[in-house]
Amino acid sequence: MAATVLGFGALTLVVCVLAPLAGSTSIDLAKVFDRTQPFADNVDAQVFFIARMPRVVAAGIVGAGLALSGVVFQALLRNPLASPDTLGVSAGATLGAMLALTARADFTVFGVSVVPLATFAGAVGSLAIVFALSMARRRGTSTTVLLLGGIAIAALLNAAGRFIQYLTADITGTFRTVQWMMGSLDVGSYAPIVASLVPFGIACAGFATLPRVLDLVSLGEEAAEARGVDVVRTERLALVSASLSTGAAVSLGGPILFVGIIVPHIVRLIVGADHRLVLPASALFGASFLVGCDLVARTVASPVEVPVGVITAIIGGPFFLWLLFRGR
Amino acid sequence: MAVIQRQIGLRAKGSGLLVALALALGVQPSALAQARRVVSIIPATTEMLFAMGAGDRVIAIGTYDHYPPEAQKLPKVGALIDPNVEQILQMRPDLVVIYGTQTELKQRLERARIPYYSYVHKGLADITETMRSLGARVGAADAGNALASRVERQLADIREHVSKAPHPKTLIVFERERRTLRNIYASGGEGFLHDMLVAAGGVDAMADVRRQSVTMSTEMVLDRAPDVIIELRYAKDDIDDTDTTVWNRLASIPAVRNRRVIVLTGEEFVVPGPRVGEATRRLAAALHPELRW
Amino acid sequence: MLLEATDLAFAYHGAPRVDVVDGVSLSISRGSIVGLIGPNGSGKTTLIRLLSGTVKPAAGSIALDGTPLAALSRRELARRVAVVPQETHVTFDFSAIEIVLMGRYAHLGAFALEGPDDFAIARQALAATGTTALESRRFATLSGGEKQRVVIASALAQASDILLLDEPTTALDVGFQFEITALLAGLNRERGTTMVVSTHDLNLAATLCTELVLLRDGRVLAQGRTADVLTASNIRQLYHVDADVTFHARAGHLTVVPLARAE
């Protein structure tokens, strides 16, 4: 079965190598790597290295980040339908982005502009609130509290967002927020990618310790505890890692739905339930999946682009119907 | 006569005999209309009404109607998505100028027997057409026609002035995320921004895209390689933002190489109203600095 | 004494004071099967949780082979005490052997992979519970009795000194109940596994357990050998039910037949 993970790795490699070669405009590969022309004059090279490459890398990181969070949330909440959105992350991220877009705030920190920063803060902030709520009730039902708390916080944040829109009566702010919500991987530079690697890297360090304990925790808190797992510590670590990973992904590409649900499911159908396979395979498949979706998004309706969130939704909707009718 | 008037919801001035005669001659009832209490919730039409001297008939304007200054003292009753219907009805207008898409508002006005003028936002030619028909509708037909002719002359002069000059491939960006090149909205090959660009002597880089607005990806911008990029700034809070250094990343674009990323500020660029001639002139001057303006 | 609990006290936060444990002392000797009997809310499950270390007592102490429970790490504790819950709900599509192998966590930790020894132990556990044929089957597709046997196998894979079972047959039909009872008796006989079984089923207690602890309102009403403790009088005190407790010759153990409500 480890061979399957290697298989996913190979798939990701192939997809990531081929994706920058395709696009809505045609470029000449020979010209791309032609060193004799200065970069500033080389359109083909600029398209390849400024327009496409960062996009593929961003899609890979966002896809992996969302898929990993999805796996972790599904194990934590013991619910195969859970996703990074379940606990109100999207609502928090959207509120953050909306405030930044409406206020037209204008500053950058280490080359990262205010919208991704606000998005990250919103995503992590909302998860922190839900997390704090679940820690207030100390035993046994903490995942129930997580779930209910997440729904409540999501509703609250959505309402807050609408209220702010109503107060400011700013139609352009609303419009920009709606556009942002469709997701976009067109980062155009490496600065936001590098910035997102900080929380994402920390998240991955956390994820690396989790696979086996996630198997056990998915049996139930007491069942895991009885087998020797420090459940409270595991849940905290899992939640923090998943928050950082989701926050990084959403601040880089916007709230792209369905990746966090679809990818873990498909991966489990192929490799089984063992998280020691599911976790790495999901990261790899998530990356390939989103790179693929973005490729479709930027080529299918050429010369205009379809927002990548629309593509994942088009795949996600029927996928869910299929899940529903699969003989449950 | 009174029956006909009520049915068409008019308050016609002049004798009933005149109306009967007009109807017999096939003249449209609206041509006889005189509106004295006009509500306009659209920036373009508000500007038009004031520019044609009918500002004294306007009793309320829209939330985003920032021009002309003499209109600002009037009450603001909402706009496209949030028209304050109660307030509008309370003011007992005899004409409300609304967007063609505001179906709910239309229904409310019909129920209240208040006439409305339905405005559609399209190309440059529609602007002058609207000036004429709106002028006629409020009973200021001559003023409306004069205004339209003036604008048409302005545009014709500009077209003539730039006709011999080279026409640069131009991208008009009217929206993007601050400090980055994300979520760039450019004018597509349709709509009044496109028409303005053509009148101003530019070739539209996005002419083949049959839409009023296009979301530009980095790849698209690089591929289109415009000679000039015009950035429009019109919102209150970013009117002072003239920073275009973010574009330097895309060094292969002629507009960047030749330092022809130009910021044009002012609401007249996004309000398809009487100032469109002035806006087109400023656009043309930006595109053709070599000419005398 | 393998497991010694002294003056245990515990209460959950929250308004209704149920499942409280209030001054319970008991001793469990190696190789015995001790039954915990009592009405709903008497503290049986709480006691199991205390004995397994899942909750910490508010007062009192528990010692395993002389070592206080609190001094053991979670994994050490899991190597010494295993728990079989009443029901196991498995979210993902694990196979039976994967469930059993999870019992090896206490010995392996988060990073070590299962080796051939671990697989051997797991297979032995499956064999001991008669579930060898189910090894590759998806746990979710198994019958109630099969599931419970696999869960017991998972607990056996922990290779612990003690097995705590929380109402192991309550959710099963009489056929499966019989199966599990026979299994547990067999394990005790062949492997000498020490067990603590909480149950509602007085007949199960009569069949399986060598000793009983009767709990009422978090306190020990009586404890001792089954024959001594399982009396009509005690049953009346616990359940307010008049029952007939007789030795069933063919079955070979006491049987309890409830007759009427007592006041």
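## Basis of the model

Domain bounds, as used throughout, come from an automatic or database domain assignment. The structure is a predicted model, in which local features need pLDDT of at least 70 and side-chain atom pairs count only at pLDDT 80 or more, while totals for chains, interfaces and linings use all residues. Residues are numbered from 1 along each chain as its sequence is written, and chains are lettered from A and ligands numbered from 1 in the order in which they are written.

## Domains of chain C

Chain C is assigned domain 1 (1–65 + 161–230) and domain 2 (87–160). The C-alpha centres of these two domains of chain C are 23 Å apart. Contact (C-beta atoms, placed from the backbone, within 7 Å) involves 11 residues of domain 1 of chain C and 10 residues of domain 2 of chain C.

Helices (H or I, at least four residues) and strands (E, at least two) are DSSP runs, numbered from the N terminus. On the side of domain 1 of chain C that touches domain 2 of chain C, the elements giving two or more residues are β7 (162–166) and α7 (174–191) of chain C. The most comes from α7(C), with five residues. By class, this side of domain 1 of chain C has nine nonpolar, no polar and two charged residues; here Ala, Val, Leu, Ile, Met, Phe, Trp, Tyr, Cys and Pro count as nonpolar, Asp, Glu, Lys and Arg as charged, and the others, Gly among them, as polar.

## Domains and confidence of chain B

Chain B is divided into domain 1 (1–32), domain 2 (35–155) and domain 3 (166–287). Between the C-alpha centres of domain 2 of chain B and domain 3 of chain B the separation is 28 Å, and their contact takes 16 residues from domain 2 of chain B and 15 residues from domain 3 of chain B. On the domain 2 side, α3 (43–51), α6 (124–138) and α7 (141–162) of chain B each supply at least two residues, with α3(B) giving the most, five residues. This side of domain 2 of chain B comprises 10 nonpolar, four polar and two charged residues.

The mean pLDDT (the predictor's confidence in each residue, from 0 to 100) of chain B is 87, and 87% of its residues reach 70 or more. Within chain B, confidence is lowest in helix α1 (residues 2–8), at a mean of 43, and highest in strand β7 (residues 203–204), at 96. Residues 1–15 of chain B have pLDDT below 50, and this stretch has 17 contacts in the model beyond near neighbours in sequence. Where pLDDT is low, the predicted coordinates should not be read in detail.

## Contacts between chains

Two pairs of chains are in contact, and chains A and B share the most contacts. Chain B and chain C do not touch, their nearest C-alpha atoms being 40 Å apart.

Between chain A and chain C, 22 residues of chain A are in contact with 22 residues of chain C. The elements giving two or more residues to the chain A side are α9 (211–217) and α10 (221–226) of chain A. That side of chain A divides into eight nonpolar, five polar and nine charged residues.

## Nonpolar cores

A nonpolar core is a set of buried Ala, Val, Leu, Ile, Met, Phe, Trp, Tyr and Cys residues joined through C-beta atoms within 7 Å. A residue is buried if 20 or more other C-beta atoms lie within 10 Å of its own, exposed if 12 or fewer, and partly exposed in between, with C-beta atoms placed from the backbone. The largest nonpolar core has 172 residues, of which A:Val62, A:Val72 and C:Val100 touch the most other members. Helix α3 (residues 43–76) of chain A gives the most to this core, with 15 residues.

Leaving aside neighbours within four places in sequence, A:Val62 is in contact with residues including A:Leu185, A:Leu252 and A:Ile256.
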